[in-house]
Amino acid sequence: MQANAQTAQVDDLTLIALPTAVNCADLFVRFTLGEWRLRNMTAECSAVACALVEAAVESADPKTSRLITLRLRLSGDYLVVELEAARFIMPPTSPDLRTGELQLGGGIKLIWCEMQLPTGVNANAVPLPRREKRRSPAAEALGDEPDVDPELIQRILFGLGGSMGNGQQR
């Protein structure tokens, strides 16, 4: 892994080492790369992530912790797929991928695979996800939000022991 590159974005998912974890990993990769606007890397990243999760599921010991953590990280010029699991055997990967493993505490291994970001893209150039402010279906059913008098809110807060409007607490 690149020691000098800082992580610009990260997202992870904790799964139980069951066969359904592979499908969950695929959905997680698709959603995350969609949010990061890296859809052109979805197929390759999903294949790597699913192979790692499948290997973790196959090598899991039913008598110990079966939790696995799948993590996607943008760092420098790479999209890094990481997996934390106990009793993990690295599956064969593409020779184009830089891979490695690190023994963590408690018998957990961290396995990682780096995938080169598209030409001209680095981790800092990938925009942060933007979410639109949406009201819940229940709030939508109530209609428009009523206008609220700020003085009324101050009196309520004062009565509840909150701010008195001048930065002091009661």
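# Questions on a predicted chain

User: Which helix holds S46?
Analyst: This is a predicted model: local features need pLDDT of at least 70, side-chain atom pairs count only at pLDDT 80 or more, and totals for chains, interfaces and linings use all residues. Residues are numbered from 1 along each chain as its sequence is written, and side-chain values use heavy atoms, with hydrogens and water left out. Helices (H or I, at least four residues) and strands (E, at least two) are DSSP runs, numbered from the N terminus. S46 lies in the run of residues 42-59, helix α2.

User: Is S46 buried or exposed?
Analyst: Buried means under 20% relative accessible area, exposed over 50%, and partly exposed in between (1.4 Å probe, protein chains only). S46 has a relative accessible area of 6%, so S46 is buried.

User: Which residues does S46 contact, leaving aside neighbours within four places in sequence?
Analyst: Contact means heavy atoms within 4.5 Å. With its sequence neighbours left aside, S46 is in contact with D26 and V29.

User: In what order do the helices and strands run from the N terminus?
Analyst: The chain has 4 helices and 5 strands. Their order from the N terminus is β-α-α-β-β-β-β-α-α.

User: What share of chain contacts between residues at least 6 apart in sequence joins residues at least 24 apart?
Analyst: The chain has 170 residues, and 34% of them are buried. Of the contacts between residues at least 6 apart, the share joining residues at least 24 apart is 63%.

User: Which cysteines does V81 touch, not counting residues up to four places away in sequence?
Analyst: The contacts of V81 include V48, A49, L52, L70, L72, I111, W112 and M115. Cysteines are also among them: C45 and C113.

User: What N to O distance does the salt bridge between R71 and E84 have?
Analyst: Side chains of opposite charge can pair when their charged atoms come close. A salt bridge is a side-chain nitrogen of Lys or Arg within 4 Å of a carboxyl oxygen of Asp or Glu. R71 and E84 form such a pair, with their closest N and O atoms apart by 2.9 Å. The pair links strand β2 to strand β3, across a sequence separation of 13 residues.

User: Which residues make up the salt-bridge network?
Analyst: The count of salt bridges comes to 7. E82 bridges R71 (2.9 Å, N to O), and R73 also bridges E82 (2.9 Å, N to O). R73 and E82 are both buried. The linked residues are D12, R71, R73, E82 and E84.

User: Is E84 buried or partly exposed?
Analyst: R71, its salt-bridge partner, counts as buried at 14% relative accessibility. E84 has a relative accessible area of 22%, so E84 is partly exposed.

User: How many disulfides does a search of the whole structure find?
Analyst: A disulfide is a pair of cysteine sulfur atoms within 2.5 Å. The sulfur of C24 is 9.9 Å from the closest cysteine sulfur, in C50, so the two are too far apart for a bond. C45 is in no disulfide either, with the sulfur of C50 9.0 Å away. The search finds 0.

User: What is the area of the nonpolar surface patch that includes L152?
Analyst: Patches are made of residues with over 30% relative accessible area and no salt bridge; like charges are joined within 9 Å, nonpolar side chains (Val, Leu, Ile, Met, Phe, Trp, Tyr) within 5 Å. L152 is in helix α4 (residues 150-159) and is partly exposed at 36% relative accessibility. Areas come from the Shrake-Rupley method with a 1.4 Å probe, and for residues only the protein chains shown count as cover. V148, L152, I153, I156, L157 and L160 make a patch of about 530 Å².

User: How far apart are the C-alpha atoms of N124 and Q6?
Analyst: N124 is in the loop between β5 (108-116) and α3 (137-142). N124 counts as exposed, at 69% relative accessibility. N124 and Q6 are 118 residues apart along the chain, yet their C-alpha atoms are separated by 9.2 Å.
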